[in-house]
Amino acid sequence: MSPTRTPLMHRLLQLVACAAIAIAASMPAFAHHGWTWAEDVNSELTGVIVAAKLGNPHGELTLDVSGANWIVEVGQPWRNERAGLKDEMLVKGVKLTVSGHRHADPKKKVFKAERVFIDGKKFDLYPDRD
Amino acid sequence: MLLETLAAGLQATELSHTLRSSIWLYPLVNTGHVIGIALLFGAIAPLDLRLIGCWKGVPLDHLSRTLIPVAIVGLVLAVSTGSLLFATRPLDYVVEPLFGIKMTLLCAAVLNALLLRLSPQWRWVRVATGAPPRLAWRIAGIVSIVLWLGVITAGRLIGYR
């Protein structure tokens with residue numbers, strides 16, 4: 001009944017710690033969460049909605065921007081509702097402008113929307129951000 | 001494909017629609033999933049470490065009497081809330097390789113626990129106090145920890161796809 005760690009347990013803990021660090025380090029590479037995967041500078045995109053996939057856990061629009069399809073991430077239901085955006089406004093054929101951040105990798109046509117403009121009306125998903 | 005037809009059917013249900021458009025329900029189900037995982041892994045990790053050879057002085061019998069029921073409650077909570085999370089967007093999950101990996105690891109982890117619990121040797125837990133760890137139990141303990149860590153990691157990564 002010794003309170004000291006057995007070498008086996010010590011090795012196991014080390015293994016678990018290494019795995020945890022490796023996983024944590026790989027996280028920012030993925031989209032959806034936060035902005036770490038996107039460019040720092042703000043930009044805009046204007047296009048026509050080709051497809052809309054709204055609701056939990058992530059809202060996503062496919063936007064035709066002069067012939068190229070962009071995946072535009074919008075809010076979850078609570079965020080869209082707070083901004084005044086309704087699902088009926090984000091349907092196929094609607095022309096809109098989004099401002100926010102492009103994916104840091106220029107090959108990836110993924111965009112994180114912070115604001116949506118439809119017919120000149122602004123819907124602010126992140127009022128606290130520039 | 002049959003699986004995708006079934007997924008399409010599930011996604012068209014009222015339940016799926018309610019989960020997708022909900023403001024509070026989905027985050028609550030998500031929270032329940034995390035609590036289920038916390039109970040399950042929090043109970044199974046000390047049990048596995050005991051099987052591997054830590055805390056030899058603590059009777060395995062006592063540990064398993066408290067930790068196994070907690071782990072089962074955690075598993076039931078995690079699986080039931082997980083089914084609701086799946087029902088939110090089944091069409092996305094059936095084509096997600098990480099989801100397949102997670103389900104495979106989950107089945108293996110549950111099977112490993114059942115095989116150990118139902119093995120004839122499990123009766124020995126009552127006399128196992130202070131005895132040197134059995135090799136088969138050590139292996140089962142290591143396999144269990146590795147599999148559950150795999151399930152949790154795959155699950156977390158699905159959220160970042």
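Modeller: A residue is buried if 20 or more other C-beta atoms lie within 10 Å of its own, exposed if 12 or fewer, and partly exposed in between, with C-beta atoms placed from the backbone. This is a predicted model, in which local features need pLDDT of at least 70 and side-chain atom pairs count only at pLDDT 80 or more, while totals for chains, interfaces and linings use all residues. Residues are numbered from 1 along each chain as its sequence is written, and chains are lettered from A and ligands numbered from 1 in the order in which they are written.

Biologist: Why is Ser66(A) called exposed?

Modeller: Ser66(A) has 8 C-beta neighbours inside 10 Å, and the limit for an exposed residue is 12 or fewer; therefore Ser66(A) counts as exposed. Ser66(A) sits in the loop that links β2 (59-65) to β3 (68-74) of chain A, where helices (H or I, at least four residues) and strands (E, at least two) are DSSP runs numbered from the N terminus. Ser66(A) is not a glycine, yet its phi is positive, at about 40 degrees. Its C-alpha atom is 20 Å from that of Asn42(A), 24 residues away along the chain.

Biologist: What makes Lys53(A) and Trp55(B) partly exposed?

Modeller: Lys53(A), in strand β1 of chain A, has 16 other C-beta atoms within 10 Å and is therefore partly exposed. Trp55(B) has 17 C-beta neighbours inside 10 Å, so Trp55(B) also counts as partly exposed. Trp55(B) belongs to the loop between α3 and α4 of chain B, and its phi, near 45 degrees, is a positive value in a residue other than glycine.

Biologist: Which peptide bond is cis, and what is its omega?

Modeller: The bond from Asn56(A) to Pro57(A) is cis, and its omega is near -5 degrees. Pro57(A) is located in the loop between β1 (43-53) and β2 of chain A.

Biologist: How are the elements of the two chains arranged?

Modeller: Chain A has 2 helices and 6 strands, in the order α-β-β-β-α-β-β-β from the N terminus on. Chain B has 7 helices and 0 strands, and its C-alpha trace spans about 55 × 30 × 25 Å along the principal axes. Of the 130 residues in chain A, 22% are buried; of the 161 residues in chain B, 28% are buried.

Biologist: What share of the contacts in each chain joins residues far apart in sequence, at 24 or more positions?

Modeller: Two residues are in contact if their C-beta atoms, placed from the backbone, lie within 7 Å. In chain A, among contacts with a separation of 6 or more, 50% are between residues 24 or more positions apart. In chain B, 88% of the contacts between residues at least 6 apart in sequence join residues at least 24 apart.

Biologist: Which classes of residue make the contact of α3(B) with α7(B)?

Modeller: The contact includes Ile44(B) and Leu49(B) of α3(B), and Trp148(B) and Ile152(B) of α7(B). By class it has 13 nonpolar, 2 polar and 2 charged residues. Here Ala, Val, Leu, Ile, Met, Phe, Trp, Tyr, Cys and Pro count as nonpolar, Asp, Glu, Lys and Arg as charged, and the others, Gly among them, as polar.

Biologist: What is called a nonpolar core, and which members of the largest one touch the most others?

Modeller: A nonpolar core is a set of buried Ala, Val, Leu, Ile, Met, Phe, Trp, Tyr and Cys residues joined through C-beta atoms within 7 Å. The largest has 23 residues, and Leu40(B), Ile44(B), Leu105(B), Ala109(B), Trp148(B) and Val151(B) touch the most other members. Two or more residues come from each of α3 (25-52), α4 (60-88), α6 (97-118) and α7 (135-158) of chain B, with the largest share, 8 residues, from α3(B). Another core, of 14 residues, lies apart from it and includes Leu96(A) and Phe111(A).
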